[in-house]
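Here are my notes for you, point by point. Keep the picture open while you read.

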Amino acid sequence: MKPDHIHVFVDVPQTAAPCDVVGTFKDINAIELFKAFPQLIQFCRMWYFMV
């Protein structure tokens, strides 16, 4: 297992779709990362257009 690898255990209602839960988690993490490292915004824009 790599040092940057984590497992997250969450308790959500059965009515919540797993993809929605993961999407929300990723959205919140991206927002927090962009707040902490604003230079990532420009990097991600460049990466998006290169792919």
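**Notes on the chain**

1. Let's begin at Ile6, which sits in the segment before α1. Keep in mind that the model is predicted. Is Ile6 buried or exposed? Ile6 counts as exposed, because its relative accessibility is 60% and the cut-off for exposed is over 50%.

2. Together with Val8, Val10, Val12 and Phe25, Ile6 makes up a nonpolar patch on the surface. The accessible area of these residues together is about 450 Å².

3. Now zoom out to the whole chain. Its secondary structure consists of two helices and zero strands. How much of the chain counts as buried? The figure is 0% of the 51 residues. The chain exposes about 5,300 Å², and 67% of that comes from carbon and sulfur atoms.

4. Next, the charges. Side chains of opposite charge can pair when their charged atoms come close. The count here is one salt bridge. In it, the side chain of Glu32 meets the side chain of Lys35, at 3.6 Å from N to O.

5. Where do the two partners sit? Both Glu32 and Lys35 belong to helix α1, which covers residues 18-36. They are three residues apart, or about one turn of the helix.

6. Lys35 counts as exposed because its relative accessibility is 59%. Glu32 has 43% relative accessibility, so Glu32 counts as partly exposed.

How values were computed
Residues numbered from 1 in each chain as written. Predicted model: local features only at pLDDT ≥ 70, side-chain atom pairs only at ≥ 80, totals over all residues. Heavy atoms only, no water. Helix = DSSP H or I, 4+ residues; strand = E, 2+ residues; numbered from the N terminus. Buried < 20%, exposed > 50% of the residue type's maximum accessible area, 1.4 Å probe, protein only. Areas by Shrake-Rupley, 256 points an atom, 1.4 Å probe, with all protein chains shown as cover. Salt bridge = Lys/Arg side-chain N within 4 Å of Asp/Glu carboxyl O. Patch = residues over 30% accessible without salt bridge, like charges linked within 9 Å, V, L, I, M, F, W, Y side chains within 5 Å.
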